[in-house]
Amino acid sequence: MDGLKALPPLRDVIARHGLSASKALGQNFLFDGQLLDRIARVPGSLESETVFEVGPGPGGLTRALLGAGANVVAVERDRRCLPALAELDEASGGRLRVISGDALEVDAEAEAGRGAHIVANLPYNVGTALLVNWLGSEAWPPWWRSLTLMFQKEVAERIVAAPGTSAYGRLAVLAQWRATARLAFTVHRSAFVPPPKVMSAVVHIVPAAQPEGVKLANLERITAAAFGQRRKMLRQSLKGVPGALDALDRIGIDPQRRAETLSVDEFVAIARIMGR
Ligand code: SAM
């Protein structure tokens, strides 16, 4: 860890390697060491654990993860960051492996291995797609042990939303069916360089045990149809989904209700009755 403590401040690293933030790559860097340590504490002790990090950039969060004792496998799309990350690998005694590439294409399970924690200050343009991939795998429990992810606050709120709120929708149902999701804390836009337009928040997600016999494709079909016309009654919005209205009838869900009023358990029950 001593090598990590001797590292120059991040701002110097960025200046030395000419890492001006690229908007196209969703680059909003964090420099505040206390905030970065706070994020690295969200998954619990990382001593000797493996962490898969998306978008290490100049390595602020990566430093905090390595400082917490983790072995880090990181995927970064911006090749300009690789020399700075190589310095970090050396300072950590070889506990950082960087894959140069696109997180949407990398086989994270093969790279990081089962049981890894995923921790990332996500590029906003790919954050939701990555989350849906991680939550949407057929195999459950998944290969990852937990997700600690920075999102735009509005997206974080959609992940943890309760029924009856305007933020409640497909993302909440998927996340809360498959996992326990909580908003750990919000992060002010001024913590980032450059500051994004909106506030951010860190979400912590841990896989939950799954009830048997629910097909992901069915749940997705129902939530897409129901929330696609969220102001309409279910008898209207689910009309085009084969078997859905029958399922409502069998469970005793009033077809005059609207999507927003259904609990996650009720959506899951409909999907289960629709078959495997
Ligand atoms: N982790 C750093 C921090 O906290 O300061 C940087 C976070 S910045 C919000 C997002 C990072 O993700 C950038 O370094 C960007 O180059 C990288 N990135 C963007 N799209 C990516 C992709 N598809 N795959 C991997 N990395 C990506």
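Two strands pair if DSSP finds at least two bridges between them. Helices (H or I, at least four residues) and strands (E, at least two) are DSSP runs, numbered from the N terminus. With those terms set, here is the model. It is predicted: local features need pLDDT of at least 70, side-chain atom pairs count only at pLDDT 80 or more, and totals for chains, interfaces and linings use all residues. Residues are numbered from 1 along each chain, as its sequence is written.

Start with the whole protein. It holds 13 helices and 9 strands. Its radius of gyration is 21 Å, close to the 19 Å that the globule rule gives for 276 residues, so the protein is as compact as a globular protein of that length. That radius is taken over C-alpha atoms, and the rule is 2.2 Å times the number of residues to the power 0.38. Along its principal axes the C-alpha trace spans about 65 × 35 × 30 Å. Of the 276 residues, 42% count as buried. A residue is buried if 20 or more other C-beta atoms lie within 10 Å of its own, exposed if 12 or fewer, and partly exposed in between; the C-beta atoms are placed from the backbone. Two residues are in contact if their C-beta atoms, placed from the backbone, lie within 7 Å. Among contacts with a separation of 6 or more, 66% come from residues 24 or more positions apart.

Next, the domains. Domain 1 covers 1-207 and domain 2 covers 216-274. These bounds come from an automatic or database domain assignment. The C-alpha centres of the two domains lie 34 Å apart. In the contact between them, 10 residues of domain 1 meet 12 residues of domain 2. The domain 1 side of that contact has 4 nonpolar, 4 polar and 2 charged residues. Here Ala, Val, Leu, Ile, Met, Phe, Trp, Tyr, Cys and Pro count as nonpolar, Asp, Glu, Lys and Arg as charged, and the others, Gly among them, as polar.

Now the strands. E9 (residues 200-207) has 6 of its 8 residues buried, so it is largely enclosed by the rest of the structure. Strand E6 (residues 144-152) runs antiparallel to E9, and 6 bridges join the two. Leucine 147 has isoleucine 205 in E9 as its bridge partner. Strand E7 (residues 179-187) is also antiparallel to E9, with 8 bridges. There, threonine 180 is the bridge partner of valine 206 in E9.

Helix H9 (residues 170-178) comes next. Of its 9 residues, 8 are buried, so this helix too is largely enclosed by the rest of the structure. Trp177 and Arg178 are among the buried residues of H9. The buried residues pack against helix H7 (124-135), helix H8 (153-160), E7, E9, helix H10 (216-228) and helix H13 (264-273). Leucine 135 sits in H7. With 22 C-beta neighbours inside 10 Å, leucine 135 counts as buried. Beyond four places in sequence, leucine 135 is in contact with Leu174, Ala175, Arg178 and Ala179.

Which residues does UniProt list for "binding site"? The unreviewed entry gives Asn28, Leu30, Gly55, Glu76, Asp102 and Asn121. UniProt positions follow the numbering used here, feature names are shortened, and annotations may be inferred rather than shown by experiment. Leucine 30 lies in strand E1 (residues 29-30). It is buried, with 21 other C-beta atoms within 10 Å. Not counting residues up to four places away in sequence, leucine 30 touches Leu35, Leu36, Gly60, Leu61, Asn121, Ala191 and Phe192. Glutamate 76 lies in strand E3 (residues 71-76). It counts as buried, with 25 C-beta neighbours inside 10 Å. Outside four places in sequence, the contacts of glutamate 76 include Gly55, Cys81 and Ser100.

Some backbone details remain. A cis peptide bond joins tryptophan 140 and proline 141, with omega about 0°. Proline 141 is in the loop between H7 and E6. Another cis peptide bond joins valine 193 and proline 194, with omega about -10°. Proline 194 is in the loop between strand E8 (192-193) and E9. Serine 48 has phi near 60°, a positive value in a residue other than glycine. Serine 48 is in the loop between helix H3 (33-41) and strand E2 (50-54). Is serine 48 buried or exposed? It is exposed, with 9 other C-beta atoms within 10 Å.
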